[in-house]
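Let's take a walk through a protein model together. Have a look at the picture first, and then we'll go through it piece by piece.

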Amino acid sequence: MDAGRFDPVMETPAQAARRRFAAHRPAVHGVGALAVLALLGFVESMLAGPSGDPVVRALDAGHTTLALALVGGTLAALVGAGWGALAVAAGGRLERRLTQAARGLAALPLALLPVLAGGLLGRGVDLLILTVAAAAVPAAALAARATLRARARREYAMAARAAGLTPAMVLWRHTIPTVAGPLLAAVWPVLARALAVESFAGAVGLGAPTPVDTWGTLIGEALAAQAPMGLLAPALLLAAALAALNAVGDGVAAAFPEERP
Amino acid sequence: MSAPEPLLQAEGLAIHSAAAIIVRDAHIAVRPAEVLAITGADGAGKSLLLRALAGLMPDGVRMEGGVTRPEGRVVLLPQGGPLTPHQTLAAQFAEVTGTQVTGAREAVRWLERLHVPQAARRLELYPHQLSEGVRWRAALALALAAEPKVLLADAPAAGLDPTVRARLLAQLAEWARETGAALVLAGHTRDGVAGPADRLLVLENGRLNPPPEAAEPVAAGPAPGGAPVLSVRDLRVTFPLGGGLFGGRASTLVAVDGVSFDVAAGETVALLGESGSGKSVLARAILRLLPGATGRVLWLGRDLLAMGEEELRHRRHALQALFPHPRATFDPRHTIGAQVAEALAALAPEVEEDKRRARVAEALADAGLPAAAADRYPAGLTDGEAARAGFARALAPAPRLLVCDEPLATLDATDREELLAHLLHHQRADGLSIVFATEDADAACRIGHRVLVLLAGRVVEEAPAGVLAHDARHPYTRGLLAAAEGGRPALAGDPPPALRVPTGCPARLRCPRARDHCAQEAPHLETVRPGHRVACHYWDAANED
């Protein structure tokens with residue numbers, strides 16, 4: 001029997017998620033744009049243009065910038081997802097306390113955290129990543145908790161218990177795989193936030209340490225040197241990367257829609 | 001005397017979109033003071049038919065044929081009873097009646113007629129500040145205040161409790177008969193629209209026909225005797241409700257309060273109650289699927305609440321469950337076959353791998369599913385198929401007790417009868433004991449041998465099904481029975497919220513018999529006759545309600 005690819009009845013959930021993502025055109029273009037932005041630096045260094053040119057430097061800084069945002073964002077997403085999962089698993093009063101703490105922290109201007117750390121403790125890549133991640137954690141925790149709350153306490157978990165599965169089996173076989181996709185969609189905006197926070201720190205001159213170029217530090221340099229043409233390339237690339245990340249996030253969210261009851 | 005001219009008439013009405021013909025060649029005639037109900041499955045085209053009758057076709061859908069309707073006096077109440085979110089009720093009534101003063105007067109008159117307490121105070125509220133029950137009453141009152149000659153209501157009061165809904169529908173029908181208006185109610189059979197109607201039409205495959213001859217409804221066999229296999233004693237389930245961060249007062253919600261009953265082998269005990277009565281919590285607590293249960297649940301003499309996790313899991317093959325929303329009880333990421341097999345592997349590990357596959361196929365076929373259904377994902381099943389898959393999973397390990405929590409509430413009448421027949425077939429063949437929680441008094445009395453009526457977590461009446469159907473003594477039970485028959489329940493207002501159950505008798509605020517004494521003391525179960533007990537101070541009052 002042929003498990004037809006376009007038969008909606010026989011489609012596996014993974015196939016359905018891929019189809020929905022592919023149907024979201026901006027997300028597909030976003031993936032392409034991010035790949036180009038990350039790889040352009042390598043191409044540029046192979047072509048070996050004049051090394052002081054602002055456009056060349058901006059293209060070169062692409063993969064560093066994206067790598068910093070990716071590491072910081074992933075760290076924040078992991079911590080935030082753990083925070084949210086702990087809150088939902090605990091329930092009751094502890095859940096309320098954890099959520100209120102996240103809400104309170106999210107209300108602070110956390111984008112200033114890397115700037116503050118850079119000013120007080122000196123500039124360093126490790127410190128930058130940690131503070132960028134810390135700035136994004138509360139929002140990730142709130143998003144993760146909202147998603148887990150809506151999706152994890154489903155009837156199927158109770159039905160699986162009634163079917164004789166141990167709580168650990170229910171968690172590993174059913175709950176975690178089912179919430180993984182929606183959780184990814186929920187914490188995805190953290191990546192864009194990390195990129196923005198890191199760039200802000202760079203732009204005010206307290207981002208990545210001197211030999212390392214990111215779009216943020218290039219913007220900061222151009223501002224300091226009052227060179228509007230030097231501003232153009234990194235600013236446009238940063239805007240493109242943020243737009244692409246958000247578009248991909250929309251696609252991931254579209255891939256895991258709310259199930260019908 | 002000749003019948004009066006129809007107020008609303010459609011001749012050869014056809015509705016079609018670019019892709020499909022939705023309704024073909026429909027003939028409808030509704031006379032003054034007549035109530036017509038139109039039922040049909042999901043997506044049968046009921047809503048579009050009502051819009052066509054009101055002359056409000058959406059874009060992209062065309063109608064043919066003639067509809068005669070009275071000039072300007074046709075009101076369509078759309079699905080969900082929408083109110084304008086940014087306007088107070090007073091403003092919305094004023095819009096309908098023309099002036100503020102008449103608006104307020106009319107509003108209070110209609111809201112009070114529909115039993116909205118303190119109607120005048122609620123006029124200053126916005127729709128989101130109203131409870132679901134009051135919101136529906138406001139939507140209906142708004143439609144009635146427009147003094148229509150023809151009222152077309154799409155699934156009116158759907159989603160409310162059957163008692164509340166049946167009363168509202170009966171009041172709508174009363175209004176139509178008093179004023180000589182024509183009333184058309186559309187909805188599922190489970191929405192109870194057929195109850196107060198004079199005539200019923202069924203929309204199926206685009207055709208509008210009178211309903212087919214009803215098949216003999218399934219009913220339980222004679223009650224078996226014998227010692228109980230399941231004994232529930234003083235079961236109490238509480239949920240802690242914590243205070244806020246800064247030390248609000250912690251409280252507890254008592255969902256089930258001291259319930260005791262026995263189930264014999266091959267017997268069905270029905271748990272009947274409105275939403276919030278505790279029947280679902282009770283059903284789940286019996287199988288220890290919820291924390292916070294105290295008391296005793298003796299299965300063949302062993303207390304399920306006291307035994308260890310491991311021992312309980314070894315006994316679960318005999319104790320199976322069906323849940324509401326059958327599709328949600330399956331993990332969307334695995335096929336139906338895999339999940340039935342997983343349950344069987346966990347419950348009956350002694351069955352070998354290759355035999356297990358045969359057992360799964362057998363269980364699915366037994367539940368009335370084709371063999372191909374094993375490879376389907378839950379999202380690819382209809383409601384009826386998902387319910388059958390749930391039956392297959394529960395019955396595959398050959399249980400001896402099946403606890404059902406409203407497993408059929410979302411199904412159409414045909415599917416529901418088929419699955420009830422299937423359940424009773426297993427009961428006869430295997431001596432299955434059943435605990436069946438439902439809000440449908442008709443189903444409870446048909447398939448239950450005994451019925452426990454629950455209100456606010458307590459049993460308020462308990463009797464053999466045949467006795468309860470004809471001689472119920474508690475006003476609440478009588479309300480549930482009237483709602484199931486499509487009559488007008490004598491219970492006023494909405495069920496009390498779980499945290500604001502009145503003192504004394506929990507039914508007293510809605511009860512036609514309530515007197516001062518009911519507020520002071522909660523009634524205890526008293527024996528009416530052997531096997532029939534009721535918790536009402538005035539159960540021997542004349543049953544005028």
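Start with chain B, where the C-alpha centres of domain 1 and domain 2 lie 33 Å apart. Domain 1 of chain B covers 8-209 and domain 2 of chain B covers 228-534; bounds like these come from an automatic or database domain assignment. Before going on, keep in mind that this is a predicted model: local features need pLDDT of at least 70, side-chain atom pairs count only at pLDDT 80 or more, and totals for chains, interfaces and linings use all residues. Residues are numbered from 1 along each chain as its sequence is written, while chains are lettered from A and ligands numbered from 1 in the order in which they are written.

So where do the two domains of chain B touch? The contact takes 17 residues from domain 1 of chain B and 20 residues from domain 2 of chain B, with two residues in contact if their C-beta atoms, placed from the backbone, lie within 7 Å. On the domain 1 side, helix 6 (residues 162-179) of chain B gives the largest share, six residues. That side of domain 1 of chain B is made up of eight nonpolar, seven polar and two charged residues. Here Ala, Val, Leu, Ile, Met, Phe, Trp, Tyr, Cys and Pro count as nonpolar, Asp, Glu, Lys and Arg as charged, and the others, Gly among them, as polar.

Now hop over to chain A. Chain A has 11 helices and zero strands, where helices (H or I, at least four residues) and strands (E, at least two) are DSSP runs, numbered from the N terminus. The C-alpha atoms of chain A fill a box of roughly 70 × 50 × 25 Å along the principal axes.
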